[in-house]
Each structure stands twice: as structure tokens, then as C-alpha cells.
Amino acid sequence: RGPASPAGAIDFEAPRPPLLMVAGALDRAIPPGLNRDNARRYGAAAPTDFRYFEGRIHWICRQKGWREVAGIVEEWLSRLFAR
């Protein structure tokens, strides 16, 4: 048995379901570049998509214009389940 993984370590190659990562341009908790990099790394294990939204913060689901984001998520889910 090897050494223990550090807390919060992510196995980017572990099998998992499809993933949609959503990023706000003004997010300071998880900057868009980090989200984009994570989406690229997760993509090795399963279908992964990244969506970027100008003028949005980390709490994107409670910000004005949230319906636009929800619509894009809904479209993504519809395409996913249409396969």
C-alpha cells in the first residue's frame, strides 16, 4: 500500500459520469482559469464541458441573469440524455 493521498487530492482519471463546469468571469473563489484547467484534466476520464459567463461571480445561480445559465445547463443535460 502506497502513501496516503493528501486531503483534497483529486484523481482526475477515476471513472465518473459526464461533468459540466460553469465559471463566472468575476469569480474570485475559483477563478475561471482554474475551472478551465480542471475541466481539461477531468476530460481524461469522461465527457467534460466548460461554460464561461462574462460578468458573473461565484454564486452564479443567485445572480441576475441566472435563467440564462440555467437554460444552458438544461440544454447540456438534454443533449447528454439524448445520446
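The model is predicted, so to speak of local features takes a pLDDT of at least 70 and side-chain atom pairs count only at pLDDT 80 or more, while totals for chains, interfaces and linings use all residues. Residues are numbered from 1 along each chain as its sequence is written, and side-chain values use heavy atoms, with hydrogens and water left out.

**Aromatic pair**
- The structure holds 1 aromatic pair (ring centres within 6.5 Å; planes under 30 degrees apart are stacked, over 60 edge-to-face, the rest tilted).
- F12 and Y42 make this edge-to-face pair, with 4.8 Å centre to centre and 65° between the planes.
- F12 lies in the segment before β1 (19-24) and Y42 in helix α1 (residues 32-42), 30 residues apart.
- Both F12 and Y42 are buried (under 20% relative accessible area; exposed is over 50%, partly exposed in between, with a 1.4 Å probe and protein chains only).

**Salt bridge**
- A search of the whole structure gives 1 salt bridge (a side-chain nitrogen of Lys or Arg within 4 Å of a carboxyl oxygen of Asp or Glu).
- E68 and R56 form the bridge at 2.6 Å, N to O.
- Because E68 sits in helix α2 and R56 in the loop between β2 and α2, the pair ties together parts 12 residues apart in sequence.
- E68 is partly exposed at 46% relative accessible area, whereas R56 is buried at 8%.

**Tryptophan in a loop**
- W59 is in the loop between β2 (48-53) and α2 (66-82) (helices, H or I, of at least four residues and strands, E, of at least two are DSSP runs, numbered from the N terminus).
- W59 counts as exposed because its relative accessibility is 54%.

Key:
Rings of Phe, Tyr and Trp (its six-membered ring) pair if their centres lie within 6.5 Å; planes under 30 degrees apart count as stacked, over 60 as edge-to-face and the rest as tilted.
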